[in-house]
Amino acid sequence: MPKVWWILIGTYDLTNHCSAEATLMGVVAVVEEMLWQRPNDIIVINCILPRPRNKMGSLRGKLWIKTDWINQRLECFAKGYSNVEYYDASDLFLNKDHSKAIKNHYADDWIHPSAFRTQKWGEAIVEKVEGLIHDKRA
């Protein structure tokens with residue numbers, strides 16, 4: 001049975017003055033190393049989660065532009081490999097048109113998901129992993 005590796009990295013790079021390009025290259029380097037070390041396993045790249053700019057949930061600003069730019073390229077990168085998947089969890093945290101974060105989906109720091117949203121995100125991850133393992137067996 002293949003192992004599934006779930007990658008969730010990059011968000012702190014963006015807030016620690018790394019460029020979008022450097023952050024993207026860092027994520028890709030980790031995935032490529034895992035592909036080399038674990039060629040028969042499945043690697044899932046979780047999107048860099050949206051981080052609201054303020055307590056109103058606004059996503060306008062440089063951080064969201066960088067995050068969105070990186071996520072688009074990670075999704076494209078994953079399509080180039082049969083055993084790499086991209087997982088976009090944005091729908092779990094944003095309103096329908098992705099213009100604003102939903103307040104009760106975040107902890108008070110507006111960085112981390114709320115306990116309830118973490119549970120929902122975890123359930124979505126389990127569903128994705130079970131699907132990947134099932135597909136790999138078929």
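These are my notebook entries on one predicted protein model.

**Ground rules.** The model is predicted, so I kept local features to pLDDT of at least 70 and side-chain atom pairs to pLDDT 80 or more, while totals for chains, interfaces and linings use all residues. Residues are numbered from 1 along each chain as its sequence is written, and side-chain values use heavy atoms, with hydrogens and water left out.

**Entry 1: the fold.** I went through the secondary structure and found four helices and three strands. Helices (H or I, at least four residues) and strands (E, at least two) are DSSP runs, numbered from the N terminus. Along the sequence I read the pattern β-α-α-β-α-β-α. The radius of gyration came next: 15 Å, close to the 14 Å that the globule rule gives for 138 residues, so the chain is as compact as a globular protein of that length. That radius is taken over C-alpha atoms, and the rule is 2.2 Å times the number of residues to the power 0.38. I also noted the box that the C-alpha atoms fill, roughly 45 × 30 × 25 Å along the principal axes.

Entry 2: How much of the chain is buried? I got 40% of the 138 residues. Buried means under 20% relative accessible area, exposed over 50%, and partly exposed in between (1.4 Å probe, protein chains only). I then looked up contacts, meaning heavy atoms within 4.5 Å. Among those between residues at least 6 apart in sequence, 71% join residues at least 24 apart.

**Entry 3: Thr23.** I picked Thr23, which lies in helix H2 (residues 20-37). Is Thr23 buried or exposed? Thr23 counts as buried because its relative accessibility is 1%. Which residues touch Thr23, leaving aside neighbours within four places in sequence? I listed Gly10, Asp13, Leu14, Cys18, Ile48 and Ile70.

**Entry 4: aromatic rings.** I found four aromatic pairs in the structure. Rings of Phe, Tyr and Trp (its six-membered ring) pair if their centres lie within 6.5 Å; planes under 30 degrees apart count as stacked, over 60 as edge-to-face and the rest as tilted. One of the pairs is Phe93 with Tyr106, which is tilted, at 5.7 Å centre to centre and 50 degrees between the planes. Both residues sit in the loop between strand S3 (84-87) and helix H4 (115-137), 13 residues apart. I checked their burial too: Phe93 is buried, and so is Tyr106. Last, I saw that ring pairs link Phe93, Tyr106 and Trp121 into a cluster.
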